[in-house]
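Thanks for making time, everyone.

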Amino acid sequence: MSAYGHQMEREFSSQSLLSREDTESGSQYVLESGFYMKSFAATIFIAGLLIVGVLLVTLIVTLAVMLQSCESRSKGVVEIEKASDSYHYCKAFALHGELNSLEEPEIPPVCWNLAIHYIKGGEYERDLNFTISMIESFFDTISPSDNHLDAVLMDIDDILASNHTYSHQSMHQQQFNQYGSNKPSGSIEDAANLKHWRILELYVKLKSRGWSLILLSRKPERQRNVTAEQLKAVGFNGWSSLIMRADSEMEMETWEYFRTRRTAMKEEGTQIISVISSQLDALTGSSLGKRVFKLPKPLHYNSQTPTL
């Protein structure tokens with residue numbers, strides 16, 4: 001080979017990044033820097049690079065997921081705080097509305113939504129059962145006297161609230177039923193029926209133990225016969241007395257009417273043991289007996305149509 005050929009071969013070898021030589025021990029790679037790497041080691045090196053790349057990608061994805069989770073959690077906390085604020089606001093507003101006999105249009109929309117969730121979420125049923133349990137526990141500790149003058153007063157407008165005779169529904173009640181129609185016990189009718197049966201069970205239990213049951217109503221005296229038939233139709237029988245408003249009492253505030261009637265009972269010798277109602281007007285004033293019980297009520301407003 002000529003001197004020129006040897007020179008070209010040396011230049012070619014010096015310019016090559018990687019050359020392969022076959023030896024007795026196998027293939028190996030020669031880097032320009034002079035670093036030699038066998039094929040097995042090269043495979044491990046490349047695999048290591050791939051693993052590091054996969055780990056980096058995994059780390060980035062994990063960080064992205066954690067960031068999104070933190071954002072969602074923060075958003076959930078804010079929503080819970082907002083819901084909690086609305087709950088406390090509507091709870092205070094419900095008491096205010098009942099004390100002041102506010103009309104239906106005066107109820108804020110957010111409170112109607114919370115009332116819907118109150119029943120759909122099962123909280124109303126739990127509160128009702130808990131209250132009935134407290135009433136039963138109280139009467140487990142006492143017994144009626146032998147003179148039969150002890151009496152328990154029950155608000156029958158609570159009882160007749162679930163009667164199908166009152167089929168008229170307000171705009172908000174229709175909205176409630178539409179919203180809650182996809183799940184059991186999701187409508188205002190279902191909740192009213194639940195309340196009816198729980199009060200009926202309590203009524204029957206108290207009556208079987210010998211208590212005199214006096215039923216109170218805000219309705220006028222002229223509706224006595226109709227009201228009595230409605231009570232019997234829904235399972236209430238054997239009451240001691242049914243008290244309804246005389247014409248002269250129709251202009252009175254309902255709390256004053258109830259107070260006047262209780263005072264008259266006391267003067268006649270009746271010993272009022274307890275008053276049971278879901279409305280404050282029946283639980284306000286004097287002569288309330290030993291214990292008063294307020295049944296839960298999702299939302300109160302002044303309406304001519306009995307509601308929960």
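Predicted model: local features only at pLDDT ≥ 70, side-chain atom pairs only at ≥ 80, totals over all residues.

Start with helix 4. Its buried residues are Tyr-124, Leu-128, Thr-131, Ile-132, Ile-135, Glu-136, Phe-138 and Phe-139.

What do the buried residues of helix 4 pack against? Five elements: helix 3, strand 4, helix 7, strand 7 and strand 8.

A word on length. Helix 4 has 18 residues. From first C-alpha to last, helix 4 reaches 26 Å, close to the 26 Å expected at 1.5 Å a residue.

Next, the partner helix. Helix 7 covers residues 188–208. Helix 4 and helix 7 pack at an angle of about 10°, and their axes are 11 Å apart. Angles under 35 degrees count as roughly parallel, and the two helices are therefore roughly parallel to each other. Who meets whom? On the helix 4 side, the contacts include Leu-128, Ile-132 and Phe-139. On the helix 7 side, they include Leu-194, Arg-198 and Leu-202.

Five strands form an open sheet, in the order 6-5-4-7-8, with parallel pairing. The edges are strand 6, residues 241–245, and strand 8, residues 291–294; each pairs on one side only. From one strand to the next, the twist averages 20°.

Zoom in on strand 4 and strand 7. Five bridges join them, and the two run parallel. Within strand 7, Ile-276 is the residue that stands opposite Met-154.

Where do helices sit on this sheet? Helix 4 lies across strand 4, strand 7 and strand 8, at about 160° to strand 8. Helix 8, residues 224–233, packs on the sheet too, touching strand 5 and strand 6. Its direction makes about 135° with that of strand 6.

Last stop, helix 3. This one runs over residues 109–120. Its twelve residues should span 16 Å at 1.5 Å a residue; the end C-alpha atoms are 17 Å apart, which agrees. Which residues of helix 3 are buried? They are Cys-111, Trp-112, Ala-115, Ile-116, Tyr-118 and Ile-119. Their arc around the axis is only 160°, which puts them on the same side of helix 3. After helix 3 comes Gly-122, with a positive phi near 85°.

That's my tour. Over to you.

Methods. Residues numbered from 1 in each chain as written. Heavy atoms only, no water. Pairing = 2+ DSSP bridges. Helix = DSSP H or I, 4+ residues; strand = E, 2+ residues; numbered from the N terminus. Axes fitted to C-alpha atoms, helices over the stretch in contact; angles between N-to-C directions. Contact = heavy atoms within 4.5 Å. Expected span 1.5 Å × (residues − 1). Buried < 20%, exposed > 50% of the residue type's maximum accessible area, 1.4 Å probe, protein only. Arc of directions from axis to C-beta. Parallel < 35°, antiparallel > 145°, perpendicular 65-115°, else oblique.
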